[in-house]
Amino acid sequence: MNQIFDYPDLWAQALWGTVVLFLGGGAIAIVLGFVVAAMRVSPVPIARAVGAVYVNWIRNTPLTLVLFFFAFCVPLLVDVPRGFFLPLAVCGIGIYTATYVAETIRSGINTVPVGQAEAARALGLSFGQVMTLVVLPQATRSVIPPMVSVFIALLKNTTVASGFSVVNLGNIRANMSENGENQLVTIVLVMVIFVLLVLVLSALQNAAEKKWKVAR
């Protein structure tokens, strides 16, 4: 604990970087994941094809390579200010995680009986209305546990960005080592912080499950 009190600024910057990567990447993943999931179950063949290509291409690419693209290729295509990689890392992590969010939502959609969607379409509802009014409210209950697992993985994946000079808990060990601190103690402290953050996510999962549970 002395390391945290001796270097509060370094630990605060590292924790802030992890939180920004997690929240920013998570926001992008949710929005893009919903869009891709809708494309995957869309009655339009082209939309389904585009969604499938996106998921299979990005999901099967290592996150390190995705961040490598944003770190070294995007600046060649777009004029990016020096030291601007944190927003690029957020985009990379969000785009990568969106594939898992999309597949989780799609699996939840598949748990809803097809007859309900067909009945809604028979009443004259559009595809968007069927999804938002009939399918997604029911699918939400089944996707909460796997969705939280996706975001726990996202939280841990934020450490990958440390390999591209993004300050977060993944590279605090190097900073402590430069100051002559015990690296093993630093690693243990980082582990404890991640466990606490995961416990927060698990508590949110339990609260959401209680709120949307089906009465039996």
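Helices here are DSSP runs of H or I with at least four residues, numbered from the N terminus. The model is predicted, so local features need pLDDT of at least 70 and side-chain atom pairs count only at pLDDT 80 or more, while totals for chains, interfaces and linings use all residues. Residues are numbered from 1 along each chain as its sequence is written, and side-chain values use heavy atoms, with hydrogens and water left out.

Helix H4 (residues 63–77) holds Phe68 and Phe72, which sit four residues apart and so are separated by about one helical turn. Rings of Phe, Tyr and Trp (its six-membered ring) pair if their centres lie within 6.5 Å; planes under 30 degrees apart are stacked, over 60 edge-to-face, the rest tilted. Six such pairs turn up in the structure. In one of them, Phe22 and Phe151 are edge-to-face, because their centres are 6.3 Å apart and their planes stand at 80°. Phe22 is in helix H2 (residues 8–40) and Phe151 in helix H7, so this pair ties together parts 129 residues apart in sequence. Phe68 and Phe72 make a tilted pair, with 4.6 Å between centres and 45° between planes. Together with Phe85 and Phe164, Phe68 and Phe72 form one aromatic cluster.

Contacts (heavy atoms within 4.5 Å) link Thr104 to Val143, Pro146, Met147 and Val150, leaving aside neighbours within four places in sequence.

Technical notes. Helix = DSSP H or I, 4+ residues; strand = E, 2+ residues; numbered from the N terminus.
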